[in-house]
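Subject: The structure we talked about

Hello,

Here is the structure for you to open alongside this note. My notes on what turned up follow below.

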Amino acid sequence: MNWYSEPMDKVLSELNTSEDGLSTEEAEKRLKEHGENRIKESEMDSPLKILVNQFKDNLIYLLIIAMVLSIAIGFLPGQSPRYLEVGIILLILLANGLFGFVQDYKAEKAIEALKEMSAPDVRVSRNGKRKTINSKEVVPGDIIHLEQGDAVPADARVIQAESMATDEAALTGESVNVSKEPCELEEDTPVADRKNMVFKNTHIVKGRAKAVVTETGMDTKVGDIAEKIQGIEERETPFQEEVDKMGKKISYLVAGIVIVVAIIQYSITGAAPVTILLMAVSLAIAAIPESLPAIVTFTLALGSRKMLKKNALVRRLSVVENLGSVNFIVTDKTGTLTEALMTVEKIYFQEQEYEVTATGTDTDGKFLKDGEEVDPEELEPILECGFHCNNAEKVDNDSEMDFHGSPTEEALLISGMKAGIEEKKDRLKSIPFSSNRKRMTVITKDKTAYMKGAPEIVLERCNRILINGEVKELTEEKRQEIIDKNHEYAKEALRLLGFARRKVEDVDASDDEIENDMIFLGLQGMIDPPRTEVKKAVQDCRNAGIEVIMATGDNVETAKAVGKKLGFDSDKVITGNDLNEMSEEELEEKVKEVEIFARITPNHKVRILDALKKQDYNVAMTGDGVNDAPALKDADIGIAMGQRGTDVAKKASDMILQDDNFTTIRDAISEGRAIFDNIRKVTNQLLSTNSGEVMFVFIGTLIGGLFYPQYFTGAEAVVLTAVMLLWVNFASDGPPAIALGEDPKVKGIMKRTPRGREEPIIDKKILAMIAGTGPIAALTMLPLFFIHIENIILAQTILFVSLGLFEILMFHIIRRDYNLKLIDNKYLISMMALAAVSYPILIYTPIAEIFGVLPLTATHWGLIALSLILFLLIETLYANLISKIYGKRTCEKT
């Protein structure tokens with residue numbers, strides 16, 4: 001049934017209820033039949049599923065294969081399982097899984113905490129009497145009673161309404177309050193125009209109503225949208241895809257090298273299968289950056305914590321890095337670019353114009369005329385009128401002052417408080433506002449009638465005007481001047497209200513008589529002002545090569561006025577109607593040129609998003625309403641509002657702004673770019689040093705097999721044992737790489753253009769480093785091994801220590817490319833020192849037996865130092881050469 005288009009008696013009959021409500025027994029029966037009145041969530045939030053997802057990675061799969069091979073060796077003749085190797089690999093796997101699980105699980109819990117009142121109480125009629133129940137217990141056929149400030153618990157048809165209006169922006173995207181009244185509507189009336197219906201997740205901003213519940217839970221409009229977005233699959237970020245591809249490439253590389261070396265060993269040296277298998281394990285461990293998954297996860301988690309301190313809650317770790325590649329932001333206006341609080345900015349009183357300072361709930365503002373401060377007493381009559389003809393209330397909390405009421409009335413209340421008006425006069429009578437009357441009047445105890453309303457309506461009720469403190473006739477000329485001023489202010493996107501007053505002798509007179517022969521006082525113009533810090537944030541984004549588009553449901557004039565103050569191009573504006581007339585091709589062109597879209601619905605947002613994504617732009621999109629959820633889900637970065645956002649929008653998003661502020665998006669993108677830099681450093685470090693390990697094992701095994709076959713048999717068949725390689729990857733790479741997460745942002749990071757969607761982490765410069773570092777390391781350090789080949793355990797120990805210290809030095813070389821010095825990161829210095837100290841501890845303590853190493857003499861240490869100095873010189877020259885070819889990692893705008 002179309003609940004909005006049928007007569008009320010038919011609606012009640014269909015729901016088998018009456019205006020007295022359901023009986024307790026019937027309500028319990030229906031609750032069992034329809035289930036709880038709540039939005040069901042997808043199963044994606046299961047802790048077990050979150051944990052399992054941490055291990056879906058090709059690099060993780062490679063580690064598991066290496067672990068299985070280490071166990072498999074134990075089944076060969078004369079061999080035993082390598083439990084130490086297995087333990088270290090298992091430790092790395094668990095560390096990676098734990099980091100990712102804890103972060104993702106905390107994010108889900110934080111989202112739960114952000115739900116202000118997911119199941120508030122509601123007043124219903126049961127057994128003919130009013131009672132308060134939890135909204136989850138509401139069922140179809142319940143009679144609910146709604147008042148200002150209530151959240152609507154379910155979809156319902158209005159039976160009675162008194163000056164009622166709802167905020168349906170969360171559902172329809174319309175920022176203007178919607179008046180509600182009992183009536184019948186035409187079939188196919190759009191949701192936004194169904195003035196006889198109230199909808200779940202919307203709010204009552206004014207008045208009161210009685211309604212009958214028609215749909216609950218997933219059958220509501222909100223539930224319908226929630227069900228649709230649950231069917232949309234989670235997408236991988238470019239970074240996730242790249243890591244996956246990298247794992248596959250490393251797998252192929254390891255397999256290729258193992259096959260080549262195995263053929264050479266078997267055909268030329270006649271190596272036994274156990275020798276070949278040991279070499280295969282060593283090569284696999286040398287090639288696999290075991291620490292990379294754990295370190296990247298930790299870096300992302302560290303970045304997400306930094307973002308959380310700046311009010312950006314990241315729901316998925318992989319999104320942290322993806323923020324750095326955003327090149328378009330499609331943002332709402334209300335609350336994100338603006339304060340989300342109406343503020344009186346201009347007053348027209350006694351033929352004079354005044355400006356009002358301070359925005360939002362700040363009551364310390366001043367009144368200016370021609371730029372000079374004036375005594376608020378000059379404006380007392382019009383400010384008193386707005387203050388007393390007002391249903392908003394101030395609530396003093398311990399820490400701050402809060403206001404309850406419609407945004408317009410809150411603005412008028414605060415305007416009066418700026419002038420020192422504190423207490424409302426007692427009322428004798430109130431004539432409420434309605435959409436038909438477009439005015440409101442109250443009579444106070446001193447028998448003064450105060451009126452406010454649409455300026456043209458208030459003017460119709462006036463025959464006098466206050467000028468220079470005297471009451472004069474309201475002539476047609478004066479009336480026209482006021483109308484002209486009203487139009488002038490309207491062009492500035494100010495919302496205008498007119499104010500009037502008069503003394504009343506007979507309080508019981510008719511409404512029409514009371515509201516006649518009024519004295520016109522003036523106009524108060526208000527607007528939801530831009531946040532003061534947002535203009536700079538928008539410009540910072542543009543300096544960073546990120547285009548910012550405002551997509552708002554507000555009218556063109558309001559959008560242009562706010563946009564102009566924030567630096568948007570207000571000459572070109574596209575409305576929702578314009579967009580409806582455009583083909584996809586036309587929109588794809590216009591979306592790159594136009595910065596303001598007005599009268600936009602959530603469906604229009606989806607079209608704007610698609611037009612950008614088809615051109616391979618990486619798009620971040622904000623949203624707070626239920627209807628925004630599909631666009632948030634499909635955007636590269638979906639950003640929901642933490643304060644104004646609905647639960648459905650938050651669940652569909654990748655990131656939640658806890659302060660609803662655009663500046664937080666700018667800060668998050670800046671942090672994302674820094675995190676990308678850190679991940680690129682880590683990847684460069686691990687793969688470059690792993691190439692050195694591969695060269696040691698690959699070249700060393702070939703030379704050893706060909707020229708020193710007597711030393712390359714059985715358990716001694718490798719240049720470095722698997723446990724040595726694991727320790728180097730764990731100790732030399734792990735702690736310092738984690739400390740890179742504390743590297744400072746490179747100066748001017750927000751002057752860098754966004755990286756392209758297809759630009760990989762492992763670019764040509766990193767590939768050049770990987771290709772050169774391995775051979776240079778082998779050239780400078782591998783000779784130490786063969787000099788001491790007669791004592792292969794000693795030779796392995798020297799190479800083991802050389803390898804470990806070489807990998808620590810590489811952190812300094814790689815960070816030079818970002819103009820960073822060691823002293824810029826005290827945590828890195830500490831971790832590098834800790835990693836270096838671990839090697840003397842290993843070789844001079846009983847642990848040495850576990851690792852199969854021997855103590856070194858001063859001569860050995862001297863040879864190691866010489867080889868490292870030689871490596872550092874050659875590698876620095878090589879790194880400088882690469883920087884000349886490919887450029888440094890600077891932040892110059894290109």
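Let me start at helix H12, which spans residues 380–388 and contains glutamate 380. Helices here are DSSP runs of H or I with at least four residues, strands are runs of E with at least two, and both are numbered from the N terminus. Before going on, please note that this is a predicted model: local features need pLDDT of at least 70, side-chain atom pairs count only at pLDDT 80 or more, and totals for chains, interfaces and linings use all residues. Residues are numbered from 1 along each chain as its sequence is written, and side-chain values use heavy atoms, with hydrogens and water left out.

How much of H12 is covered? Eight of its nine residues are buried, namely Pro381, Ile382, Leu383, Glu384, Cys385, Gly386, Phe387 and His388. Buried means under 20% relative accessible area, exposed means over 50%, and partly exposed lies in between (1.4 Å probe, protein chains only). Glutamate 380 counts as partly exposed because its relative accessibility is 36%.

Glu380 also belongs to a negative surface patch, together with Asp375, Glu377 and Glu378. Patches are made of residues with over 30% relative accessible area and no salt bridge; like charges are joined within 9 Å, and nonpolar side chains (Val, Leu, Ile, Met, Phe, Trp, Tyr) within 5 Å. Areas come from the Shrake-Rupley method with a 1.4 Å probe, and for residues only the protein chains shown count as cover. Asp and Glu count as negative and Lys and Arg as positive, while His and the chain ends are not counted. The place of a charge is taken as NZ of Lys, CZ of Arg, CG of Asp or CD of Glu.

There is a nonpolar patch too, of about 400 Å², made by Leu84, Val837, Ile841, Ile847 and Ile850. Helix H29 (826–843) and helix H30 (847–851) each supply at least two of the residues in this nonpolar patch. Isoleucine 847 sits in helix H30 and is partly exposed, at a relative accessible area of 34%.

**Salt bridges**

A salt bridge here is a side-chain nitrogen of Lys or Arg within 4 Å of a carboxyl oxygen of Asp or Glu. By that rule there are 39 salt bridges. Three of them may be handy to look at.

- Glutamate 36 and arginine 38 meet at 3.1 Å, N to O. Glutamate 36 is partly exposed at 42%, and arginine 38 is partly exposed at 41%.
- Glutamate 409 and lysine 452 meet at 2.7 Å, N to O. Glutamate 409 lies in helix H13 (residues 407–418) and lysine 452 in strand E18 (residues 448–453), so this pair ties together parts that are 43 residues apart in sequence. Glutamate 409 and lysine 452 are both buried.
- Arginine 680 and aspartate 763 have their closest N and O atoms 3.5 Å apart. Arginine 680 is in helix H24 (residues 662–707) and aspartate 763 in the loop between helix H26 (734–739) and helix H27 (764–787), 83 residues apart. Arginine 680 and aspartate 763 are both buried.

Shared partners also join Lys536, Asp540, Arg666 and Asp667 into one salt-bridge network.

**Aromatic pairs**

The structure holds seven aromatic pairs. One of them is tyrosine 708 with phenylalanine 786, which is stacked at 5.4 Å centre to centre and 25 degrees between the planes. Tyrosine 708 lies in the loop between H24 and helix H25 (722–732) and phenylalanine 786 in helix H27, so the pair ties together parts 78 residues apart in sequence. Tyrosine 708 is partly exposed at 26%, whereas phenylalanine 786 is buried at 14%. Another is phenylalanine 806 with phenylalanine 871, an edge-to-face pair at 4.9 Å centre to centre and 85 degrees between the planes. Rings of Phe, Tyr and Trp (its six-membered ring) pair if their centres lie within 6.5 Å; planes under 30 degrees apart count as stacked, over 60 as edge-to-face and the rest as tilted. Ring pairs also link Tyr708, Phe785 and Phe786 into a cluster.

**Backbone**

Most residues other than glycine have a negative phi. Aspartate 188, not a glycine, has a positive phi of about 65 degrees, and alanine 493 has one of about 70 degrees. Aspartate 188 is exposed at 69%, while alanine 493 is buried at 8%.

Best wishes
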